[in-house]
Amino acid sequence: MEESCGADGKEQVQKALNAQLLNIDMDLQREAKRMIANLTDKMVLDLKKYIQHISLSPDSINNDDAVTPLMKYLDDTLVILNESLVKENLDRVLHGLWRLLLRLIFDTVAENRGVSVEFYGRFHYTVEALVEFFHAEGEGLTLEDLRNEDYKALEEELRLNKCSSNELIEQYFLEKICQQRTLKHSKFGRISVKCYYEAADQRLTVEVLHAADLIALDANGLSDPFVIVELCPHHLFPTTKSQRTQVKNKTLHPVFDELFQFHVSPEQYRKKFACIEFTVMDHDWLSTNDFAGEATAPLSDFCGPDKAVLPGGGKAVQPLILQLSRPKPSDKPILKMLEARAGDREAQEFVKKLKEIEKSMAEED
């Protein structure tokens, strides 16, 4: 070849052959994926039937009995596939089937929010049984492939659904605290406060100093802001009422300089979800007040023997600047879970409050 085509010609022929081989390989992979997708699609109805069997099984039934029909179907199917497919294509089938099962179980759980704890426990048992089945003592999929992002999302969905309403609300505030820590800049403005704790009297003092760069919510391009200060969650502080500043008219940079005090016990501030929530509102004389933004600070940042100040020592405390946010609660799975608990008064009141805020935001848009 080299004599008739020369070195350059040989290289060009080799490149052409490599390109053709690559195209053939890509075509084969596409065809394999298409056939595998077609195969798993044909299994959807059967899988839905067996997952529905688990879903409708009474709480009194043993988990093994609920899951056995699904496991037997999978075992019988994979015995046939194992005899018919080379390992590479069998692995592709297993990956596709695993993704499909996770999606079907997630959809089933999401459609059945607010049911018994046993329901979610049964599906948690199912998922772990499936992990063991697909791993096949190291002969199947790797644990890393099995415990992928879809698996983690399903595990989190099951974990949260098994929580009580109070535990879900606590998780909601934990997430808010984490989000506040990562918020460095905000187009909704910021608020400056001082918070300090006198351990001897179990007294938390909150000074609302000022806010800046608030969003304009009135037709004149300004706002009439005030700040609501409250300890959250409410079930941890059942007797503590929220307090609020005076309204500052026609300004986006209000100066408040107001002081509020709350009784906080060590049992309360030690909870990692315990927090102070600052809600900035725009006062409307003739209609409902508008939501301007909020900020959250964990009590653990101010309370405790190592953080307490002596009486009168608040002057030495440095101001804390908190960026404001305007989150959409309806985007959070926790809110949907609480909303589904129609018979739980505390859950419904919590959801109602958040929905009122979101409605206010929608009306402004």
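**View 1. A search for disulfides in the whole structure finds zero.** This is a predicted model, in which local features need pLDDT of at least 70 and side-chain atom pairs count only at pLDDT 80 or more, while totals for chains, interfaces and linings use all residues. Residues are numbered from 1 along each chain as its sequence is written, and side-chain values use heavy atoms, with hydrogens and water left out. A disulfide is a covalent bond between the sulfur atoms of two cysteines; here it is counted when a pair of cysteine sulfur atoms lies within 2.5 Å. (Buried means under 20% relative accessible area, exposed over 50%, and partly exposed in between, with a 1.4 Å probe and protein chains only.)

**View 2. Cys-275 has a bridge partner in strand E7, Pro-298.** Strands (E, at least two residues) and helices (H or I, at least four) are DSSP runs, numbered from the N terminus. Strand E6 (residues 275-282) runs antiparallel to E7, and eight bridges join them. How many of the nine residues of E7 (residues 290-298) are buried? Nine of the nine are, so this strand is mostly covered.

**View 3. Four strands form an open sheet in the order E5-E2-E1-E8.** Their pairing is antiparallel; two strands pair if DSSP finds at least two bridges between them. At the edges are E5 (255-263) and E8 (320-323), each pairing on one side only. Look at E2 (residues 203-212) beside E5: seven bridges link this antiparallel pair, and Glu-207 stands opposite Leu-259 in E5.

**View 4. The largest nonpolar core has 37 residues.** A nonpolar core is a set of buried Ala, Val, Leu, Ile, Met, Phe, Trp, Tyr and Cys residues joined through side-chain atoms within 4.5 Å. Among the residues that touch the most other members are Leu-47, Trp-98 and Phe-134. Helices H1 (2-56), H2 (63-84), H3 (87-110), H4 (117-135) and H6 (149-161) each give two or more residues to this core, and H3 provides the largest share, eleven residues.

**View 5. Leu-74 touches Leu-47, Leu-97, Leu-101, Leu-130, Phe-133 and Phe-134.** Residues up to four places away in sequence are not counted here, and contact means heavy atoms within 4.5 Å. A second, separate core of 36 residues includes Cys-195, Phe-278, Phe-302 and Leu-322.
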